[in-house]
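Hi everyone, thanks for making time for this. Let me put it on the screen.

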Amino acid sequence: MLSEKGSDPLRQDAKTNQIDLPPMGQTPFRNGAHLQHVNPMLPAPTHSPRPRRYSAHFALRTAVLLCCMLGRSSQTSGQEYLSGIQWERPPIVAPGQTDAMPPADAVVLFDGSDTAAWVNGENWKVEEGNLVIGRGEIRSKEEFGDCQLHLEWSAPVPASGSGQGRGNSGIFFMGRYEVQVLDSYDNETYSDGQAGAIYKQTPPMVNAMRPPGQWNTYDIFWKAPRFADDGSLRSPAAITLVHNGILVLNHFELLGDTPFHRPPRYEAHGEKGPISIQDHGNPVRFRNIWVREIKPPVGTQVREPFLRDGEKEIPITTP
Ligand code: MG
């Protein structure tokens, strides 16, 4: 637990309880030295003779009080841990009016007006502010690496077809890794092909579907795979998916791409790629599509981690 300078109860006790402070660099009270009178509420020491019983009572009360204070001081140690990292101040990002609306630093891919952000967007329809699947997949003109994607989708009404034939679409990261979109409300299919699945790799942890015609939200946190110069995989892609406010994929590490006809595999590609939406022949609707690039906090290790205790700096030794 951190204890801010100035909030150390020992310092306050030093003021209010008239501790005789030692020279700089020594810690009062903790080493038991220089303590003249702990608490003014207690009877002051006196040189007049007291009955033996009173002295024992006084000693007991003092011992109890000291135990309480020492216990408290161990909970709020005067030592503070410092990482030695100099952090840049995180940038301010104004959030949207609601969590569905794009924050100030988002790239808006669809806001209800047009399909200008998409390759092949002219072959899809915009109806009542919704983007409706038309002919062929659409692909974002801008490319993304690690990113946060928000979108909302609604399965066709009335529901028609079954299994993979009902309300099928999909969100592809970097053109090759599919998060399934499917009307999985009261619609049986193979688990690793239902809504929220990484296609043919993992089902979602739960089925969080709303009925056809209602809006589903996907909040996706995507970590792109990394490749070495020789094309070998350095680290796999990972995905976290929140479906209608419910965590359904928790940093799942992908085994590779997500084709229908063969096992997943990785093939080296660039650091960024488009976000695509699949045309599977069903008129699924979309709205509020925006994406943010993920930029980790920036810091510089300017010195080794250490503990601070007043004026004293104590190096941290590893066992
Ligand atoms: Mg699909």
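Before we look around, one term: I'll say two residues are in contact if their C-beta atoms, placed from the backbone, lie within 7 Å. Please also keep in mind that what you see is a predicted model.

Let's begin with the whole chain. It has 319 residues, and 24% of them count as buried. There are two helices and 20 strands. If we take the contacts between residues at least 6 apart in sequence, 59% of those join residues at least 24 apart.

Now, the inside. Nonpolar side chains tend to be buried together in soluble globular proteins. Here, the largest nonpolar core has 46 residues. Which residues have the most contacts inside this core? They are I239, F286 and V291. Let me stay with I239 for a moment. Setting aside neighbours within four places in sequence, I239 is in contact with V179, I198, I220, F221, W222, L249, F252 and L254.

Five strands make up an open sheet, running in the order 4-7-16-9-10, with antiparallel pairing. How many bridges link strand 4 to strand 7? There are two, in the antiparallel sense, and strand 7 covers residues 138-140. If you look at W118, its bridge partner in strand 7 is S140.

Finally, some backbone details. Most residues other than glycine have a negative phi, and most peptide bonds are trans.

You'll find P158 in the loop between strand 8 (147-154) and strand 9 (169-173).

Next comes K200, which is not a glycine but has a positive phi of about 65°. K200 sits in the loop between strand 10 and strand 11 (216-223). Because it has 19 C-beta neighbours inside 10 Å, K200 counts as partly exposed.

And then H251, also not a glycine, has a positive phi of about 50°. H251 lies in strand 15, residues 246-253. Is H251 buried or exposed? It is exposed, because 10 other C-beta atoms lie within 10 Å, and the cut-off for exposed is 12 or fewer.

Note on methods
Residues are numbered from 1 along each chain as its sequence is written. This is a predicted model: local features need pLDDT of at least 70, side-chain atom pairs count only at pLDDT 80 or more; totals for chains, interfaces and linings use all residues. A nonpolar core is a set of buried Ala, Val, Leu, Ile, Met, Phe, Trp, Tyr and Cys residues joined through C-beta atoms within 7 Å. A residue is buried if 20 or more other C-beta atoms lie within 10 Å of its own, exposed if 12 or fewer, and partly exposed in between; C-beta atoms are placed from the backbone. Two strands pair if DSSP finds at least two bridges between them. Helices (H or I, at least four residues) and strands (E, at least two) are DSSP runs, numbered from the N terminus.
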